[in-house]
Amino acid sequence: RNVSKYELREKVSIPTDIKQILNYFNRYYNESLQIKDVASTFNFSSEYFSRYFKKYVGISPKKFLMQLRLSKAAELLRNSDYSIDEIIKQTGFLHKNFYVAFKKYYKMTPMKYRNFVEG
């Protein structure tokens with residue numbers, strides 16, 4: 001699954017601000033984004049922002065950001081020789097969260113994933 005392609009719900013007209021928010025996530029995913037700060041950037045309260053985003057994208061902004069970062073990390077594992085630590089830095093993860101999230105999403109460790117796609 002590639003969330004950077006915006007898995008938007010069918011037959012729903014996407015508001016301009018949702019498109020801008022998705023572009024914002026795609027541009028700044030590698031920085032230490034906080035959902036409350038993204039909400040504030042687009043003049044939403046945190047609570048409303050999460051509901052509004054989920055209505056159009058189908059998942060919470062926090063989950064979207066996590067999946068986007070995981071997708072970018074997997075891409076780097078497939079297409080680069082960067083160390084895992086470097087990939088963690090480049091994708092905006094906290095070190096401790098990366099391994100748990102990666103294994104949960106891809107059902108294998110980052111090194112196994114890299115070896116699997118190279119094999």
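At 68% relative accessibility, Lys 107 counts as exposed, where exposed means over 50% relative accessible area, buried means under 20%, and partly exposed is anything in between (1.4 Å probe, protein chains only). Find Lys 107 in the loop between helix H6 (95–106) and helix H7 (110–118). Its phi is positive, about 60°, although Lys 107 is not a glycine. That is worth a second look, because most residues other than glycine have a negative phi.

Before going on, a word about what you're looking at. This is a predicted model, in which local features need pLDDT of at least 70 and side-chain atom pairs count only at pLDDT 80 or more, while totals for chains, interfaces and linings use all residues. Residues are numbered from 1 along each chain as its sequence is written, and side-chain values use heavy atoms, with hydrogens and water left out.

Now zoom out. The protein chain has seven helices and zero strands, so from the N terminus on its elements run α-α-α-α-α-α-α, with helices (H or I, at least four residues) and strands (E, at least two) taken as DSSP runs and numbered from the N terminus. Of the 119 residues in the protein chain, 41% are buried. Take the contacts (heavy atoms within 4.5 Å) between residues at least 6 apart in sequence: 56% of these join residues at least 24 apart.

Let's start at helix H1. How are two packed helices described? By the angle between their axes and the distance between the axes. Helix H1 (residues 16–28) and helix H3 (residues 46–57) pack at about 95°, and their axes are 11 Å apart. The axes here are lines fitted to C-alpha atoms, for helices over the stretch in contact, and angles run from 0 to 180 degrees between N-to-C directions. H1 and H3 are therefore roughly perpendicular to each other, a label that covers 65 to 115 degrees (under 35 is roughly parallel, over 145 roughly antiparallel, and the rest oblique).

Which residues meet there? On the H1 side they are Asp 17, Ile 18, Ile 21, Leu 22 and Phe 25, and on the H3 side Phe 49, Tyr 52, Phe 53, Tyr 56 and Val 57. The residues of this contact of H1 with H3 divide into nine nonpolar, no polar and one charged. In that sorting, Ala, Val, Leu, Ile, Met, Phe, Trp, Tyr, Cys and Pro are nonpolar, Asp, Glu, Lys and Arg are charged, and the others, Gly among them, are polar.

Stay in H1 for Tyr 24, which is partly exposed at 22% relative accessibility. Leaving out residues up to four places away in sequence, Tyr 24 touches Leu 33, Val 38, Thr 41 and Phe 42. Tyr 24 and Thr 41 are 17 residues apart in sequence, and their C-alpha atoms are 9.9 Å apart in space.

The rule asks for a side-chain nitrogen of Lys or Arg within 4 Å of a carboxyl oxygen of Asp or Glu, and by it the count comes to one salt bridge. Asp 37 is partly exposed, at 40% relative accessible area.

Next comes Asn 43, in the loop between helix H2 (35–41) and H3. Asn 43 has a positive phi of about 60° too, and isn't a glycine. Is Asn 43 buried or exposed? It counts as exposed, at 71% relative accessibility.

Tyr 99 sits in helix H6 and is partly exposed at 35% relative accessibility. Beyond four places in sequence, Tyr 99 touches Ile 84, Ile 88 and Pro 110. In H7, the buried residues are Pro 110, Tyr 113 and Arg 114. They cover an arc of only 100° around the axis, which puts them on the same side of H7; the arc is that of the directions from the helix axis to the C-beta atoms. What covers these buried residues includes helix H4 (61–79), helix H5 (84–90) and H6. Turn to the other side of H7 and you'll see Lys 112 and Phe 116, which are exposed.
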